[in-house]
Structures are given as C-alpha cells and as structure tokens.
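Trainee: I should be grateful for a close look at one part of this structure, namely its salt bridges and the aromatic rings around them. Please take me through them in a connected way.

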Amino acid sequence: MGTMINIILTQFTIGEEFALHEFELDYLETKLDKNGIEFDFYRYTGNLDDLGLKEVILAYNCDVLRGVFTVARM
C-alpha cells in the first residue's frame, strides 16, 4: 500500500465561486456523477508554494467549488 501524505490546501474552500481562481484554471472536461449532476473539471495552474504536488484538479458545479483532487509527486 502507498504512503499517505497530509497536505493542507488553504487556497481552496468548498463552496467558493469559480471567479476566485478563473485565471489560474485550464478546463479539462465535464462529467456527470451517478446522480446525473454535471461537474466541470479544471487543472489549477497557479502557485502551490512547492507543496510537492504534481497536479491539483478542481471540480465545479454551477460555478461553485465542490471538490479538490491532488496528485503528489513521486
């Protein structure tokens, strides 16, 4: 099993508006969840202060942040 890394991303708050980061996002795709709700996924391109992350993906529904996914550098 892999090693768990604890990182606190204070840049993002669930429920915040898309406009807060819109100039630091690259659109990836839109997906439906199991309930048929659309989520727009974006790659965060802003500064992460070298937290050891390879990538941060933000999921928005109706321009409101609903999820944050990270990929750590190995």
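Mentor: A salt bridge is a side-chain nitrogen of Lys or Arg within 4 Å of a carboxyl oxygen of Asp or Glu. The structure, which is a predicted model, holds two salt bridges.

One of them joins E29 and K31, whose closest N and O atoms are 3.7 Å apart. E29 has a relative accessible area of 36%, so this residue is partly exposed. K31 is likewise described as partly exposed, because its relative accessible area is 43%.

The other salt bridge joins R43 to E55, with the closest N and O atoms 2.5 Å apart. Since R43 belongs to strand β2 and E55 to strand β3, the pair ties together parts that are 12 residues apart in sequence. R43 counts as partly exposed because its relative accessibility is 31%. E55, at 22% relative accessibility, also counts as partly exposed; the reason is that buried means under 20% relative accessible area.

K31 leads us on to the rings. The charged end of K31 sits over the ring of F41, 6.0 Å from its centre. F41 counts as buried, because its relative accessibility is 17%.

Let us now turn to the aromatic pairs. A pair of aromatic rings is described by the distance of the centres and the angle of the planes. The whole structure contains six aromatic pairs. Among them is the edge-to-face pair of F18 and Y60, at 5.3 Å centre to centre and with 80° between the planes. This pair links distant parts of the chain, for F18 lies in the segment before β1 and Y60 in strand β3, 42 residues apart. Both F18 and Y60 are buried. The pair of F41 and F69 is tilted, because the ring centres are 6.2 Å apart and the planes stand at 40°. F41 lies in strand β2 and F69 in strand β4, so this pair ties together parts that are 28 residues apart in sequence. F69 counts as partly exposed because its relative accessibility is 45%.

A word on confidence is in order. Where pLDDT is low, the predicted coordinates should not be read in detail. The chain averages a pLDDT of 88, and 92% of the residues score at least 70. Confidence is lowest in β4, at a mean of 91, and highest in β1, at 97.

Definitions and conventions: Residues are numbered from 1 along each chain as its sequence is written. Side-chain values use heavy atoms; hydrogens and water are left out. Rings of Phe, Tyr and Trp (its six-membered ring) pair if their centres lie within 6.5 Å; planes under 30 degrees apart count as stacked, over 60 as edge-to-face and the rest as tilted. Helices (H or I, at least four residues) and strands (E, at least two) are DSSP runs, numbered from the N terminus. Buried means under 20% relative accessible area, exposed over 50%, partly exposed in between (1.4 Å probe, protein chains only). A charge sits over a ring if NZ of Lys or CZ of Arg is within 6 Å of the ring centre and within 35 degrees of the ring normal. pLDDT is the predictor's confidence in each residue, from 0 to 100.
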